[in-house]
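Colleague: I have just been handed this one and have never looked at it before. Could you walk me through it?

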Amino acid sequence: MPKLEIIEQAGDGAIAVWFAQRLRAALALSPEIAITVPGGSTPFPIFDLLAKEDLPWERIAVWPGDDRIVEEDHPASNVGKIRARLEPVGAKIVPLAEDALPPHFAIAWLGMGGDGHIASLFPNTDPQAGDPHPVRRLTPDPLPPEAPFDRLSLTIPALTDSDEIVFVIRGADKRAVFDAAVKGEHDLPIARLLKAARHKVTCFC
């Protein structure tokens with residue numbers, strides 16, 4: 001796998017500052033960039049802080065890495081919550097669709113579940129590094145009780161088509177799953193993605 005940097009015990013503020021710095025570096029090389037970001041509970045406080053950073057947001061397209069198949073105004077919608085935070089500062093928010101053609105991403109920001117899933121690539125969906133489709137409609141099994149919906153998800157090839165990958169992982173149990181993936185001790189989706197990654201991976205743990 002590519003170079004891995006682990007950053008321990010970083011708070012939301014430090015992660016937001018780091019992410020803003022990486023966006024500025026990418027924007028120095030290109031007039032427009034695209035990033036993909038996660039849903040779930042962890043990233044939204046960081047988005048709130050990131051939105052306060054002095055960035056040319058109109059040059060940044062933001063794609064969710066995955067989403068529940070619900071209306072944008074539904075509480076379970078990732079894109080709705082992303083839009084509410086980043087569209088007011090000028091970012092272009094791009095909802096997922098089954099026929100979407102994701103761009104090359106400057107940064108792919110991912111979370112990880114305790115079962116080793118990334119985006120909505122759950123273990124039961126058997127994600128493949130050679131998937132010919134950039135977006136898949138998937139049904140997690142078991143369905144998470146807090147979000148019992150079918151999903152749209154970027155696939156491993158779409159997520160790794162990026163200049164760098166960053167994870168924000170909270171909790172000792174998830175950290176253990178991530179560390180085991182790095183060591184090649186299992187074949188969960190996180191391990192498959194790390195094996196397929198071509199550029200630097202940063203993990204805030």
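Modeller: Let me start with a term: a residue is called buried under 20% relative accessible area, exposed over 50% and partly exposed in between, with a 1.4 Å probe and protein chains only. Helices (H or I, at least four residues) and strands (E, at least two) are DSSP runs, numbered from the N terminus. In helix α2, residues 43–50, the buried residues are Pro 43, Phe 44, Ile 46, Phe 47 and Leu 50. Seen down the axis of α2, these buried residues fall within an arc of 155°, so they line one face of the helix; the arc is that of the directions from the helix axis to the C-beta atoms.

Colleague: Before we go on, what sort of model is this?

Modeller: This is a predicted model, in which local features need pLDDT of at least 70 and side-chain atom pairs count only at pLDDT 80 or more, while totals for chains, interfaces and linings use all residues. Residues are numbered from 1 along each chain as its sequence is written, and side-chain values use heavy atoms, with hydrogens and water left out.

Colleague: Back to α2, then: what covers its buried residues?

Modeller: The cover includes α1 (12–27), β2, α3 (78–86), β6 and β9, where contact means heavy atoms within 4.5 Å.

Colleague: Some of those are strands. In what order do the seven strands of the open sheet come?

Modeller: The order is β1-β10-β9-β6-β2-β3-β5, and the pairing is parallel; two strands pair if DSSP finds at least two bridges between them. At the edges stand β1 (4–7) and β5 (92–93), each with a single partner strand, so one side of each is left without a neighbour in the sheet.

Colleague: And how many bridges join β2 to β3?

Modeller: Five bridges join β2 (residues 33–37) to β3 (residues 60–64), and Ile 33 has Ile 60 as its bridge partner in β3. Strand β2 is also joined to β6, by two bridges, with Thr 36 standing opposite Ala 108 in β6. From β6, three bridges lead on to β9, where the bridge partner of Trp 109 is Val 166.

Colleague: Which way do the residues of β6 point?

Modeller: Ile 107 and Trp 109 point one way from β6, whereas Ala 108 and Leu 110 point the other way, and all of them are buried.

Colleague: What about helices against that sheet, say α5? Which strands does α5 lie across?

Modeller: Helix α5 (residues 172–182) lies across β1, β9 (165–168) and β10 (201–204), and runs at about 160° to β1. Such axes are lines fitted to C-alpha atoms, for helices over the stretch in contact, and the angles run from 0 to 180 degrees between N-to-C directions. Helix α6 (residues 189–196) has six of its eight residues buried, so it is largely enclosed by the rest of the structure. The buried residues of α6 pack against β6 (107–110), α4 (156–160), β9, α5 and β10.

Colleague: Switching topic, how many aromatic pairs does the structure hold?

Modeller: There are seven aromatic pairs. Rings of Phe, Tyr and Trp (its six-membered ring) pair if their centres lie within 6.5 Å, and planes under 30 degrees apart count as stacked, over 60 as edge-to-face and the rest as tilted. The ring centres of Trp 63 and Phe 105 are 6.2 Å apart with their planes at 75°, so this pair is edge-to-face. It links distant parts of the chain, with Trp 63 in strand β3 and Phe 105 in the loop between β5 and β6, 42 residues apart. Phe 167 and Phe 178 form an edge-to-face pair as well, 5.4 Å centre to centre and with 65° between the planes. That pair connects strand β9, which holds Phe 167, with helix α5, which holds Phe 178.

Colleague: Which residues form the aromatic cluster?

Modeller: Trp 18, Phe 19, Phe 44, Phe 47, Trp 109 and Phe 204 form one aromatic cluster.

Colleague: Last topic, the backbone: where is the cis peptide bond?

Modeller: It joins Asp 141 and Pro 142, with omega about 10°, and Pro 142 is in the loop between β7 and β8. Most residues other than glycine have a negative phi, and most peptide bonds are trans. Ala 119 has a positive phi of about 50° although it is not a glycine, and Asp 126 has a positive phi of about 50° too.

Colleague: Is Ala 119 buried or exposed?

Modeller: Ala 119 is buried, with a relative accessible area of 13%, whereas Asp 126, at 42% relative accessibility, counts as partly exposed.
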